[in-house]
Amino acid sequence: MTPKSIKSTTADTNLFHPPKSIVRKANIKDYDKTYERSITDREGFWADEAKKLKWYKKWKTVLDDTNKPFYKWFTGGKINIVDNAIDRHLATHRRNKLAMIWEGEPGDVKTMSYHALNREVSKFANVLKSMGVRKGEIVTIYMPQIPELPIAMLACAKIGAMHSVVYGGFSTEALAGRIADANSRVLVTADGGWRRGKITDLKSIANEAMDRSPTIEVCITVKRTEHEVHMENDRDFWYHDLMSLPIASPKCETEVMDAEDPLFILFTSGTTGKPKGLVHTHGGYSVYTSTTHRYVFDIKDEDRWWCAADPGWITGHSYLVYGPLINGATIMLYEGAPNHPYPNRWWNMIEKYGITILYTSPTAIRGLMRFGDQWPQRHDISSLRLLGSVGEPINPEAWRWYHEVIGDGKCPIMDTWWQTETGGFMIAPLPITPLKPGSATKPFFGVEVGVVDENGKEVAAGEEGKLVIKAPWPGMARTIFGDPDRYVDTYWKEYEKQGWYKAGDSARIDEDGYVWVIGRIDDVIKVSGYRLGTAEVESALVSHPMVSEAAAIALPHEVKGNAIHTYVILKAGEKGDKKLEEELKKHVSDEMGPIAKPEAVHFLESLPKTRSGKIMRRVLKARAMGVDEGDLSTLED
Ligand code: WT7
């Protein structure tokens with residue numbers, strides 16, 4: 001290892017000033033004045049940004065807050081996100097610009113111009129129509145990271161159907177639950193995908209999930225890996241077969257939608273019970289994702305943008321697909337593992353395609369950092385001009401490595417704080433912002449944040465409290481699909497009087513107004529940046545015939561940030577041993593997906609509970625970490 005990664009000895013609170021070359025060319029030259037205006041004239045600010053998009057009909061009202069907290073944006077306006085992400089580029093020089101560069105894990109490559117993307121999306125939109133897909137219906141998409149995934153999303157949006165993308169790393173139970181919640185009639189999947197040289201057998205998982213899903217009538221399968229899969233008569237169709245039929249015409253009208261018409265639902269884990277399907281819209285979401293992407297990542301026509309997140313998560317929806325395409329960028333999509341076949345895979349692709357901006361997560365950075373500086377140093381990655389981070393707070397070592405070794409000390413790192421619920425960046429620097437490693441810096445335009453105590457009182461500078469958002473923004477989720485009460489309860493109840501949104505994170509704001517997000521304060525665990533509910537892991541464990549009760553907590557992990565540790569009470573007469581521990585780990589992985597696989601399963605006789613029967617996870621955590629257990633007055637036993 002070269003000592004490059006330890007060259008910088010800067011303390012984590014030191015300021016990193018962006019290079020002059022970046023500041024001089026930045027899309028936005030000033031933060032304070034624009035921020036001030038975005039707050040004092042919120043609607044004027046967002047109206048100006050909305051005007052940069054194409055509307056079939058202009059909105060009447062920018063913000064309708066007559067039914068709080070069910071805010072509406074750009075009401076009366078008519079728009080379709082696909083008209084902005086594809087159609088309008090076709091009349092410009094962008095028609096023949098690359099919209100997408102894709103590399104499969106085995107090394108196959110596909111590129112697509114905006115012209116070609118439009119053809120593929122239109123053809124598949126017509127296929128969906130021929131299957132009877134209608135405006136407002138929800139199509140479930142369960143796919144590896146192949147071009148057909150964004151194509152399927154865009155095809156749904158084009159004809160006014162909603163998509164519900166289920167991350168391809170999830171398993172049967174998670175997929176079946178999401179299909180049921182969305183009432184999906186149509187599932188789009190693939191025979192498999194490539195990951196670490198192996199096939200992930202998506203179609204078999206999809207088949208099992210469909211066996212539990214009475215609503216499914218049609219399944220369209222992309223042939224990717226070409227291994228043998230089971231196809232059912234009358235239900236299963238090959239994507240390529242349908243795309244070669246006359247019905248798959250490359251001409252398809254983009255549906256005119258109301259600004260507030262739903263675009264997609266995306267499930268995310270919460271504190272209790274089932275994952276919630278958050279609803280995002282055509283209008284506000286288009287404005288918010290494109291504006292944040294344009295300013296924070298300073299996007300230029302000549303950029304090659306790589307958001308290395310899976311399209312199955314909100315990061316992929318907002319910043320792999322929609323925001324960048326609206327901004328007419330060239331997007332990069334890669335199918336497989338970052339270290340396959342060697343840990344230089346990403347750096348090789350950055351060099352090969354001349355990627356200019358890389359947006360990824362601290363866990364991915366830590367994972368690649370582990371292999372040493374020699375892997376990136378084998379490549380000329382000097383095309384990079386900006387870097388980004390998302391998913392969890394970035395630790396100073398990872399920040400410095402990313403900055404020095406990947407960014408050669410010259411690429412500012414945009415640490416973006418946001419959530420599935422927020423649709424887009426909420427706290428993030430601009431390329432002109434002096435950076436403090438580990439802080440997402442300041443609120444984006446139009447976003448008002450606070451750090452408060454239980455009573456909603458602002459805490460002093462530097463003190464920890466709960467992160468709240470004090471005013472609505474266009475990219476906000478509109479509701480939880482099918483459960484508006486839960487939407488109100490989860491996010492708006494706690495600070496009902498003030499009308500604030502509760503983020504579920506703790507944070508502090510320093511004397512310079514920089515926000516430092518610390519982590520979740522609810523029973524949500526971030527593992528490798530992925531969000532999981534303790535309740536989901538626990539119910540997966542309890543679904544095993546030998547388990548009576550279970551608790552899951554997060555403990556620090558060097559690469560993943562957090563790892564899941566579980567505590568299990570077995571049914572009477574059962575004995576916990578190493579073999580059962582492995583079996584239970586596998587059981588959770590089979591039910592939910594490999595990301596939820598516990599690091600450890602401990603067998604206990606009893607769990608610490610409150611008198612009302614709630615598991616006190618913080619007590620388990622304190623014990624595991626060997627720290628003070630805190631206030632035990634509510635402990636039952
Ligand atoms: C939670 C939201 C938003 C895309 C990916 C995650 C944590 C996210 C940061 C950051 C510190 C962060 C928070 C948040 N988080 N970005 N830059 N610094 N923490 O979306 O799965 O909805 O998770 O991720 O805890 O609440 P998500």
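Q: Why does Asp408 count as partly exposed?
A: Asp408 has 46% relative accessibility. Buried means under 20% relative accessible area and exposed over 50%, with partly exposed in between (1.4 Å probe, protein chains only). The value of 46% lies in between, so Asp408 is called partly exposed.

Q: Where is Asp408, and what is said of its phi?
A: Asp408 is in the loop between helix H15 (396-406) and strand E20 (413-416). Its phi is positive, about 50°, although Asp408 is not a glycine. Helices (H or I, at least four residues) and strands (E, at least two) are DSSP runs, numbered from the N terminus. This is a predicted model in which local features need pLDDT of at least 70 and side-chain atom pairs count only at pLDDT 80 or more, while totals for chains, interfaces and linings use all residues. Residues are numbered from 1 along each chain as its sequence is written, and side-chain values use heavy atoms, with hydrogens and water left out.

Q: What makes Phe74 buried?
A: The relative accessible area of Phe74 is 0%, and the limit is under 20%, so Phe74 is buried. Phe74 belongs to strand E2. Phi of Phe74 is near 55°, a positive value in a residue other than glycine.

Q: How do you know that the bond from Lys68 to Pro69 is cis?
A: Omega of that peptide bond is near 0°. Pro69 lies in the loop between strand E1 (61-64) and strand E2 (72-75). A cis peptide bond also joins His340 and Pro341, with omega about -5°. The loop that holds Pro341 runs between E17 and helix H12 (345-353).

Q: Why is E17 called largely enclosed?
A: 5 of the 5 residues of E17 are buried, so the rest of the structure largely encloses this strand. Thr330, Met332 and Tyr334 point one way from E17, while Ile331 and Leu333 point the other way.

Q: What makes E16 and E17 a pair?
A: Strands pair if DSSP finds at least two bridges between them. Strand E16 (residues 304-307) and strand E17 (residues 330-334) are joined by 3 bridges, so they pair. They run parallel. In E17, Thr330 stands opposite Arg304, and Ile331 is the bridge partner of Trp305.

Q: Which strand pairs with E17 by 4 bridges?
A: Strand E4 (residues 98-103) is parallel to E17 and joined to it by 4 bridges. Glu103 has Tyr334 in E17 as its bridge partner. E16 has 3 bridges to strand E18 (residues 357-360), also parallel, and there Trp305 stands opposite Ile357.

Q: What makes Ser318 buried?
A: Its relative accessible area is 0%, which is under 20%, so Ser318 is buried. Ser318 is in helix H11 (residues 314-326). Leaving out residues up to four places away in sequence, Ser318 touches Tyr285, Thr289, Gly323, Pro324, Trp418 and Gly423. Contact means heavy atoms within 4.5 Å.

Q: How do you know that the buried residues of H8 are on the same side?
A: Helix H8 (residues 202-211) has Leu202, Lys203, Ala206, Asn207, Ala209 and Met210 as its buried residues. They cover an arc of only 165° around the axis, which puts them on the same side of H8. That arc is taken from the directions from the helix axis to the C-beta atoms. Their cover includes helix H7 (172-182), strand E6 (138-142) and strand E8 (186-190).

Q: Why is H17 called mostly covered?
A: Of the 9 residues of H17, 7 are buried. They are Thr534, Ala535, Glu536, Val537, Glu538, Ala540 and Leu541.

Q: Which residues of helix H16 are buried, and what covers them?
A: In H16 (residues 484-492), Arg486, Tyr487, Thr490, Tyr491 and Trp492 are buried. Their cover includes strand E15 (276-281) and strand E23 (501-509).
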